[in-house]
Amino acid sequence: MNQQLKIINILFILLGAFIFSFGIVNFNMENELTEGGFTGIALILYHLFGTSPALLNLIFNIPLFFVGYKLLGRLSFIYTIIGTVSVSFFLWLCELFPMHIALKNDLLLASLFGGVFIGTGLGIIFRFGGTTGGVDIVARLMKKFFDVPIGRTMFAFDCLVLIATYITIGDYIITMYTLVCVYVGARVIDIIQDSGYSARGAMIISEYHNEISDEINHLLERGVTIISAHGHYSKSNRPIIYCVVSRNEIPRLKQIINTIDPHAFVSLLDVHDVLGEGFTLDEFKKPIER
């Protein structure tokens, strides 16, 4: 097996597929809710005709695999195959052994829990390089051939599925709770995606920039960049220290700054992705195993 196909990624994609499928079967299907994307279409057909979403998931995605192979690249394509097939398998398994979590008298609870499970499952799958095919491939094709933003395509498709939910099922309450489920799922996906990068960027302005930089290098073992800047009011040069540290190093960073210069101006920034030494590379410029 290619070294790039890390076992840990595959295991987490399988875990995410199980969590996603558990939520779909035990909250959405059990309580007549649908979803966004191709899964939503599969659930609409399930509620109308009793067709298994596990089977429909494969039927919908197989044609897209042939179209999206070159677009995704070999590694992403393999992860997508694993994600899609495992979702169908776990949907079938959860249908075979359902938990029967009936919450029709409390659809808000059903939509919230459905969104949490679906978002958690998809978030894990996306975090480890996989997808579940479907709208993701369609969105990439739209971006490549028509320059339509990926987010816009996915949002438009979800809206169409929600409209189809109302037209076919004819229940605006179900449609509204499905919207809650879709929204919660999207937010949970964002949370899981961002949680992988527990880092903060710090911009520090101080007359003692050399001393602070030395202490950051020595005590935190983090790299520092000095940015040339000019104060508008003071009309003097004001070098800016920029560094990226993990969230749990923030208290130590503040302590260093306060000890050397309690009057320093400090701005902390959320960092959503970090590549390079100390985060994805070690001191020898070798990839850090995750």
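In what order do the elements of the protein chain run from the N terminus on?

1. The model discussed here is predicted. From the N terminus, its elements follow the order α-α-α-α-α-α-α-α-β-α-β-β-α-β. The secondary structure therefore comprises 10 helices and four strands, as counted from DSSP runs.

2. The protein chain has 290 residues, of which 39% count as buried. Its exposed surface comes to about 16400 Å², and carbon and sulfur atoms supply 63% of that area. Among contacts between residues at least 6 apart in sequence, 72% join residues at least 24 apart.

3. Strand S3 pairs with two strands named here. With strand S1 (residues 199–205), the pairing is antiparallel and extends over seven bridges. With strand S2 (residues 225–227), the pairing is again antiparallel and extends over three bridges. Isoleucine 241 in S3 is the bridge partner of isoleucine 204, and isoleucine 241 is also the bridge partner of isoleucine 226.

4. Two packed helices are described by the angle and the distance between their axes. For helix H9 (residues 209–220) and helix H10 (residues 250–260), the axes come within 10 Å and cross at roughly 145°. This crossing of H9 and H10 is right-handed.

5. Which residues of H9 and H10 meet? Glu211, Ile212, Glu215, Ile216, Leu219 and Leu220 in H9 touch Arg252, Leu253, Ile256, Ile257 and Ile260 in H10. The residues of this contact divide into eight nonpolar, three charged and no polar.

Technical notes: Residues numbered from 1 in each chain as written. Predicted model: local features only at pLDDT ≥ 70, side-chain atom pairs only at ≥ 80, totals over all residues. Heavy atoms only, no water. Axes fitted to C-alpha atoms, helices over the stretch in contact; angles between N-to-C directions. Left-handed = near helix turned anticlockwise from the far one by under 90°. Contact = heavy atoms within 4.5 Å. Nonpolar A, V, L, I, M, F, W, Y, C, P; charged D, E, K, R; others polar. Buried < 20%, exposed > 50% of the residue type's maximum accessible area, 1.4 Å probe, protein only. Areas by Shrake-Rupley, 256 points an atom, 1.4 Å probe, with all protein chains shown as cover. Pairing = 2+ DSSP bridges.
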